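Student: I've got a structure here that I'd like to go through with you. Could we take it piece by piece?

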Amino acid sequence: MRNHIFLVAQDFAPSEAFSQLGARARDRGLKFSLDLRNGKSDTPHQSLNLIDTALNANNFVFGIGMSSSPELSECEISACNFAILCDIPFGFYGDTYNCHERAWFAPFREKCAFFLALNEEEARKAKTVFPNAECVAVGNPLWEEFSFPETTRENVRKDLQVEWDEILVLAPGSKSAGINIANWTALLSALYLIKGSKFKVRIALHPGDVTPHEIYKEFMQWSPVNVEMTPASMKTSLFVPGADLVAEWNSSIAIEAAHQGIPVISLANPFAE
């Protein structure tokens, strides 16, 4: 049995899932080394510092996240190459839909030993492109928490100063400033055309978005409807229970809102399919 696991992830979602996995697995006597960047580009890269650990450990295995772009997957791709070079078993964790289709991980499909999928259907689809991997459904612990929000609708609306007759629209951002401004322009313009309703739009930046806040603040000055930015220090999830509508682009916040029965408009389709 391999009892030393090295988990590597760049994006926030797989990083958080791996963090929870590490905490629970240690209780079972397994050894873990973690290189989790939590969606931050300025997080120190730990993989090189832990190479000695990998080379000297017995029964070692890599668990690797699948981040959302080639540029954001550098640490994960490096881990794959290192595992192949040192003949260490490795596998992937697909934390959302269609991770198995991400082309930047295609060179590692033949060597992949296992694929941990969101559900049975995702595991079945992953098997078609990871022919030598054991593909199993493991779920996503973050998604399981979506049905149990940390706060209430009333508290969120009080904190954001939303009145009973106002419609709170939560607009989570992506990592791209271009996509964000295009989406939010369309959203704000559409809401402006709806007469007789009081809208409050609250923009929530993605934790992996490195765009200077001043750019978004300048954009918001020209909004025809009430719009503000949520505090960057607070997770977007904290605002979901108070929303009347979530308008998003291929975000896990949409899934969280759906778990809580909040309507979602996705501006991504068909572009992000």
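This is a predicted model: local features need pLDDT of at least 70, side-chain atom pairs count only at pLDDT 80 or more; totals for chains, interfaces and linings use all residues.

Student: Which residue does Asp-244 meet in a salt bridge?

Tutor: Side chains of opposite charge can pair when their charged atoms come close. Here the N to O distance is 2.7 Å. The partner of Asp-244 is Arg-153.

Student: How many residues apart in sequence are the parts that this pair ties together?

Tutor: Arg-153 sits in helix α6 (residues 153-159), while Asp-244 is in the loop between β9 (226-229) and β10 (245-248). The pair therefore ties together parts whose separation in sequence is 91 residues.

Student: Arg-153 and Asp-244 are linked in a network of salt bridges, so which other residue is in that network?

Tutor: Arg-153 is partly exposed, with a relative accessible area of 33%. The network links Arg-153 and Asp-244 with one further residue, Arg-157.

Student: Now for Glu-166 and Lys-200: are they buried or exposed?

Tutor: Their side chains meet in a salt bridge, 3.6 Å from N to O. Glu-166 lies in strand β7 (residues 166-172) and Lys-200 in strand β8 (residues 198-204), so the pair ties together parts that are 34 residues apart in sequence. The cut-off for buried is under 20%. With Glu-166 at 15% and Lys-200 at 12%, each of the two counts as buried.

Student: And Arg-124 with Glu-121, in which helix do they both lie?

Tutor: They form a salt bridge, with the closest N and O atoms 2.7 Å apart. Arg-124 has a relative accessible area of 48% and Glu-121 one of 40%, which makes each partly exposed. The two are three residues apart, about one turn of the helix, and that helix is α4 (residues 120-129).

Student: How many salt bridges are there in the whole structure?

Tutor: The pairs we went through include Arg-153 with Asp-244 and Arg-124 with Glu-121. A search of the whole structure gives a total of nine.

Student: On to helix α9 (residues 252-259): what arc do its buried residues cover around the axis?

Tutor: The buried residues there are Ile-253, Ala-254, Glu-256 and Ala-257. They are on the same side of α9, because the arc they cover around the axis is only 160°.

Student: Which elements do the buried residues of α9 pack against?

Tutor: At the start of α9, a side-chain oxygen of Ser-251 reaches to within 3.0 Å of the backbone nitrogen of Ile-253. After α9 comes Gly-261, with a positive phi near 75°. As for the packing, the elements are β7, β10 and β11 (264-266).

Student: Which element gives the largest share of the largest nonpolar core?

Tutor: That core has 24 residues, and those with the most contacts inside it are Phe-62, Phe-90, Phe-92, Phe-115 and Phe-130. Elements giving two or more residues include β1 (4-9), β3 (60-65) and β4 (90-93). The largest share is five residues, and they come from α3.

Student: Which residues of β4 are buried on the side away from Phe-90 and Phe-92?

Tutor: In a regular strand the side chains alternate between the two faces of the sheet. Both faces of β4 are covered, with Phe-90 and Phe-92 buried on one side. Buried on the other are Gly-91 and Tyr-93.

Student: Which residue of β5 does Gly-91 stand opposite?

Tutor: β4 and β5 run parallel, joined by three bridges. Opposite Gly-91 stands Phe-114.

Student: Last one: which backbone nitrogen lies 2.9 Å from a polar atom of the Asn-140 side chain?

Tutor: Asn-140 is in the loop between β6 (134-137) and α5 (141-145). It is buried, with a relative accessible area of 3%. Leaving aside neighbours within four places in sequence, Asn-140 is in contact with Tyr-93, Asp-95 and Leu-118. The backbone nitrogen at 2.9 Å is that of Leu-142.

Methods
Residues are numbered from 1 along each chain as its sequence is written. Side-chain values use heavy atoms; hydrogens and water are left out. A salt bridge is a side-chain nitrogen of Lys or Arg within 4 Å of a carboxyl oxygen of Asp or Glu. Helices (H or I, at least four residues) and strands (E, at least two) are DSSP runs, numbered from the N terminus. Buried means under 20% relative accessible area, exposed over 50%, partly exposed in between (1.4 Å probe, protein chains only). The arc is that of the directions from the helix axis to the C-beta atoms. Contact means heavy atoms within 4.5 Å. A polar contact is a pair of N or O atoms within 3.5 Å; within protein, one must be able to donate a hydrogen and the other to accept it, and residues adjacent in sequence count only if both atoms are side-chain atoms. A nonpolar core is a set of buried Ala, Val, Leu, Ile, Met, Phe, Trp, Tyr and Cys residues joined through side-chain atoms within 4.5 Å. Two strands pair if DSSP finds at least two bridges between them.
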